[in-house]
Amino acid sequence: MAARAYGEFMKRWNVLAIPAAAAAAIASYDLVQRRHALLRNFPVVGHGRYLLESLGPELRQYITTGNDEERPFTRDQRRWVYASSKRVTDTFGFGTDNDIEFTDGYTIIKHRTFSEIPPSAMPHADEHLAIPSAKVLGAARGRTHAFRPRSIVNISGMSFGALSSAAVVALNRGAAATDCLHNTGEGGISRYHRNGADLIFQIGTAYFGCRDEDGRFDLARLRALVESAPVRAIEIKLSQGAKPGLGGLLPGAKVTPEIAEIRGVPEGRDCISPSRHTAFRDVDSMLDWVELLAAETGLPVGIKSAVGDPTFWDLLVDAMSNSGRGVDFVTIDGGEGGTGAAPLVFTDAVSLPFRSGFARVYAKFAEAGLTDGITFIGSGKLGLPDNAVAAMSLGCDLINVAREPMLAVGCIQAQKCHTDRCPTGVATQNPWLAHGLDAGIKSIRAANYLRALRRDVFKVAEACGVAHPGLITASDVEVADGNRHSITLADLYGYRTGWGLPGDADRAEITRLMSEAAAVPAGETGSPGAKTAP
């Protein structure tokens with residue numbers, strides 16, 4: 001009996017002794033280290049503070065915050081994306097929980113009672129519609145490979161490197177299934193971008209994918225690259241909303257041998273793009289470069305930029321009005337746009353938010369009579385139906401979405417994109433984390449989300465009494481200051497009659513195309529527009 005009792009005592013002692021020894025070791029280290037005053041003063045227990053700090057976003061996300069409190073995307077917004085991507089109920093019950101009566105700047109879309117547009121009543125009706133652009137991209141400047149984008153919603157620039165290979169494959173397949181264009185981001189074209197979708201090749205300041213050994217632009221490499229892939233247009237990235245004038249940054253932890261080879265940079269070292277281009281130095285030389293790329297490839301060529309000082313846009317409009325040279329499309333990125341890594345001051349305080357920035361740029365082109373020949377693309381948190389409708393009412397012909405399809409393929413807004421520790425494998429190069437993302441399943445969810453966004457935007461167009469979302473006007477959307485006052489976007493941004501709409505010929509053609517598509521029997525695939533210019 002004594003031996004048994006002693007054995008039980010020793011077992012219990014071991015159970016207690018091991019944790020006690022570990023705590024003593026941690027306490028000893030905490031007392032002698034000098035980096036953290038909290039741990040020197042409160043050894044062991046002080047680690048609880050750092051644990052809570054690291055888990056804080058997740059705890060707030062699922063436990064403590066309300067449906068409309070979180071940023072950049074609220075719980076309600078994420079719920080809609082998740083539900084849409086999984087093809088489960090994406091409607092909400094018992095009315096809005098938004099504080100409509102007292103929220104300053106709340107967006108209200110004005111429906112019409114009567115319209116000549118026939119209505120649809122099924123919740124998933126019209127998901128088969130690709131809903132093409134009202135404009136033919138590149139046609140105004142006679143580009144050889146001008147085409148009408150088959151979807152008003154497309155995937156914005158996110159590089160392989162910032163995203164995992166599985167995430168890129170999922171997005172590319174989802175884009176292919178929905179006739180959407182897939183922007184490569186500035187990191188070049190990888191084999192993961194070659195899963196069926198048509199591409200917009202983005203050229204950043206480091207010229208990844210089309211640079212020589214010294215990092216300078218190489219025209220021959222560009223020609224070879226676009227001939228080897230389904231590239232439909234070229235986008236010159238001047239800046240992006242979350243870090244304008246800063247250049248891109250891919251942390252060294254994400255620069256794998258494969259990424260280093262694609263980009264032509266050293267493995268394992270921070271990959272930093274310059275803040276400005278070296279292939280041109282001003283608007284005049286930029287337009288020369290644009291025309292060179294278009295002539296050598298036959299592709300439409302455009303620019304992507306955040307909006308800050310207006311001088312650049314004044315000079316661009318003046319040059320396009322007087323020189324015969326010009327861009328085929330302009331992508332405006334709002335300051336609320338997302339990125340994997342940026343200094344907080346750039347994320348929070350540099351560049352205008354989308355609506356005000358876009359409206360200022362559009363007005364300059366409209367005053368010069370240039371808007372009919374340019375396709376306008378918006379990006380920056382526009383992957384939610386109300387934001388997309390407002391953007392199209394201001395004159396966007398196409399909408400680019402990025403973080404929202406990331407949510408659709410698994411992102412949980414952990415905000416760890418820059419650490420290479422994305423828990424769902426979306427924004428990481430860690431093989432173990434990335435292997436959890438099944439590209440086959442997630443591609444279906446990406447496609448479901450893209451269809452749902454188009455469906456809801458199209459249904460709002462129906463409610464506004466027009467045949468296509470591009471025909472919603474800036475007078476159809478109001479911004480309310482609670483119950484006290486409201487103003488239309490047209491009045492808010494000084495839009496004149498006809499601004500924000502395609503030209504007469506484009507309006508007539510897109511109305512005809514949408515009418516033909518609506519006549520397709522239910523269950524069949526409507527395909528208004530074409531992949532080549534008519």
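Tutor: Start with a term. A pocket is an open set of grid points with protein on both sides within 12 Å along at least five of seven lines, and its lining residues have an atom within 4 Å of a point. Keep in mind that this is a predicted model.

Student: Which residues lie nearest the centre of the largest pocket?

Tutor: Take the lining as the starting set. It holds 41 residues. Those nearest the centre of the largest pocket are Gln77, Asn98, Tyr106, Leu384 and Asp386.

Student: How much space lies in the largest pocket?

Tutor: The volume is the space filled by probe spheres set on the grid points. For the largest pocket this comes to about 1700 Å³.

Student: Which element gives the largest share of the lining of the largest pocket?

Tutor: Elements giving two or more residues to this lining include helices H4 (75-86), H11 (354-367), H12 (385-393) and H15 (439-463). Strand S1 (104-109) is also one of them. The largest share, six residues, comes from S1.

Student: How do the residues of that lining divide into nonpolar, polar and charged?

Tutor: Gly counts as polar here, and Tyr as nonpolar. On that basis the lining of the largest pocket has 13 nonpolar, 13 polar and 15 charged residues.

Student: Why is H12 described as largely enclosed by the rest of the structure?

Tutor: Buried means under 20% relative accessible area. In H12, the residues that pass include Pro385, Asn387, Ala388 and Met392. H12 is largely enclosed because the buried residues number eight of its nine.

Student: How many disulfides does the count come to?

Tutor: The cut-off is 2.5 Å between cysteine sulfur atoms. The count comes to zero. Cys411 shows the gap: the nearest cysteine sulfur, that of Cys417, is 6.1 Å away. So Cys411 is in no disulfide. The total is zero.

Student: Are Cys411 and Cys464 buried or exposed?

Tutor: The cut-off for buried is under 20%. Cys411 has 14% relative accessibility. Cys464 has 0%. Both therefore count as buried.

Student: What percentage of the contacts with a separation of 6 or more is between residues 24 or more positions apart?

Tutor: The protein has 534 residues, of which 51% count as buried. Its secondary structure comes to 17 helices and 13 strands. For contacts at that separation, the share from residues 24 or more positions apart is 69%.

Key
Residues numbered from 1 in each chain as written. Predicted model: local features only at pLDDT ≥ 70, side-chain atom pairs only at ≥ 80, totals over all residues. Heavy atoms only, no water. 1 Å grid on protein atoms, 1.4 Å probe; cavity = no way out; pocket = protein on both sides within 12 Å on 5 of 7 lines; lining within 4 Å. Helix = DSSP H or I, 4+ residues; strand = E, 2+ residues; numbered from the N terminus. Buried < 20%, exposed > 50% of the residue type's maximum accessible area, 1.4 Å probe, protein only. Contact = heavy atoms within 4.5 Å.
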